[in-house]
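Dear colleague,

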Amino acid sequence: MSKLLLCAMVLWVGVVGAAPVVDEAFTREVVRHLYRWYLDEADVEAQVGKADLPVWSRAMERKLDAGDRSRFAELVFPSFGVKVTLKKTDYRIEELGLDVKSRGYRIIGVVREPASLDAASYEVTRLNLPALREYLFETRNQREYPDAALAGRLRQAVRTQLGEQKGEHICHVGPLSPVSNELWVFWENARTLVRFSSDLDLSNPAVWRQENLTVRTFDIDRQVVLSFSEAPGSNAFLTRHQIGRVLYNCIVLGQRQTLKPSESK
Amino acid sequence: MTLGLLCLVLGVVTMPPANRTDGYVARLLINEAAFPGERGFISEADSKVAMEQVFWVLESRRRFVPAGYRQREIAMVESGDIVAIITAGGSRGQVDGFFRDANGHATTAPRVEERLQRLLAIANRGTPGRFARLLEHAVGLVRGAVREDDRYEPLRRIGEIAVTGRGYSWMTDRDYYHPGGSYVRIPDDNQGSLAGNRFFTLKKKEKTR
């Protein structure tokens, strides 16, 4: 533990210009999210022998609705050619009498967009790479699961997706991310992936009233391609790589849950 | 006074049935744009533009096949019918959740209609607000009551790549991966990301087939 603390102290070095829009601990969690969900062996191998990982950050101005105090930011990891868009949500849905707030920034987009990267418009910081690698290694199996209340709401939402089903159903619930309002579930019997996402923190009970929850399902037999070039222009598919990531997170790192027949509807 | 206008005056948002072309296409525009509370939501204006650009993708696949391409290459079908454009591709469907059933009728996945009914219920609570305006925008676009230019039509170059202009595809939350084929990602600087969707144009081909 003290080793990790020491790592944290030496991670954040070489700040240029004004303070970055997010702190070192948050940035580290974003890297961990990328490590788990996006980066490949080749990305990691390319950093071997390097002393640090540059991180560019900036606040983003977006034209928002009246009364919307949400904030946006970008983190760029030029070593990976990856840009992460962040949002700290803060607005009200008048029709629902609901304040939509997230406790911190959350990832709303990850894109490989190396062509448009330009350091001049960002604050530049550097993560100590050996310390970061150790942190990623130490936490590679770390997982946060829904608490009892959230698990109950999740089971209800999964049951809604199950519809009229007979017999026991096995679901694998992926771990929660502290930097993303997205949760994946692998519904084993139907060989289907279910993705829950929201602009609210998933721990907020209001999400699970279904009014603010986006649910998408993917049939892992039918909606899979090796490359999107097999179905160019279509938005109905996931790549085998994406599905592999989701299955790893749900089955290996996730929680196995059994829905009894009485719970299936 | 039309029924739609009467509903607007009374503050009631309605949706044409899914078995009519305007109802089916409006469902698609609504399905692809994030509403308040949903991941990808930025603002009412952003979601409206997303609907417009999705509509323009359909129109471009239907009416503006670029030089050097065949319609079947970019739309998986040869047709001037917008519903055929949406449901093209059979098992390799072009739009997730929108397809033809066993009887050949254009239909949607249950979640599409469930979400629409939820949005309608919210829109009809109290004074019409953002939900009502977004739903009406979708119907207005399909019926021609709203006309906005295709923001991607003027695009001629993205980075080093010569492109055809216009949007020909969009994807939701799969920004990290290459879209395949001759598609070119429209970057943020060109409003390529709207309401949780990434839009794509096409590489320009020099020779006409």
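**Aromatic pairs**

Y122(A) counts as buried, because its relative accessibility is 10% and the cut-off for that class is under 20%. Please bear in mind from the start that this is a predicted model.

The ring of Y122(A) has a partner in W56(A), and the two form an aromatic pair of the tilted kind, with 5.7 Å from centre to centre and 40° between the planes. W56(A) is itself buried, with a relative accessible area of 12%. As for where the two residues sit, W56(A) belongs to strand β2 (residues 52-60) of chain A, while Y122(A) is found in the loop between β7 (106-112) and β8 (123-128) of that chain, so the pair ties together parts that are 66 residues apart in sequence.

A further aromatic pair is made by Y91(A) and F41(B), whose ring centres are 5.7 Å apart and whose planes stand at 50°, so this pair is tilted. It crosses between chains, running from Y91(A) in strand β5 (residues 90-93) of chain A to F41(B), which lies in the loop between α2 (21-32) and α3 (44-63) of chain B. Y91(A) and F41(B) are both buried. Over all chains, the count of aromatic pairs comes to seven.

**A sheet in chain A**

Chain A also holds an open sheet of five strands, which has the order β12-β11-β10-β9-β15 and antiparallel pairing. Its edge strands are β12 (214-219) and β15 (255-259), each of which pairs on one side only, and from one strand to the next the twist averages 25°.

Which residues make the nonpolar surface patch of about 260 Å²? They are Y248(A), I251(A) and V252(A). Of these residues, V252(A) has its place in helix α6 (residues 240-252) of chain A. V252(A) counts as partly exposed, because its relative accessibility is 44%, and that class lies between the limits of 20% for buried and 50% for exposed.

Terms used: Residues are numbered from 1 along each chain as its sequence is written. Chains are lettered from A and ligands numbered from 1 in the order in which they are written. This is a predicted model: local features need pLDDT of at least 70, side-chain atom pairs count only at pLDDT 80 or more; totals for chains, interfaces and linings use all residues. Side-chain values use heavy atoms; hydrogens and water are left out. Patches are made of residues with over 30% relative accessible area and no salt bridge: like charges are joined within 9 Å, nonpolar side chains (Val, Leu, Ile, Met, Phe, Trp, Tyr) within 5 Å. Accessible areas come from the Shrake-Rupley method with a 1.4 Å probe; for residues, only the protein chains shown count as cover. A salt bridge is a side-chain nitrogen of Lys or Arg within 4 Å of a carboxyl oxygen of Asp or Glu. Helices (H or I, at least four residues) and strands (E, at least two) are DSSP runs, numbered from the N terminus. Buried means under 20% relative accessible area, exposed over 50%, partly exposed in between (1.4 Å probe, protein chains only). Two strands pair if DSSP finds at least two bridges between them. Axes are lines fitted to C-alpha atoms, for helices over the stretch in contact, and angles run from 0 to 180 degrees between N-to-C directions. Rings of Phe, Tyr and Trp (its six-membered ring) pair if their centres lie within 6.5 Å; planes under 30 degrees apart count as stacked, over 60 as edge-to-face and the rest as tilted.
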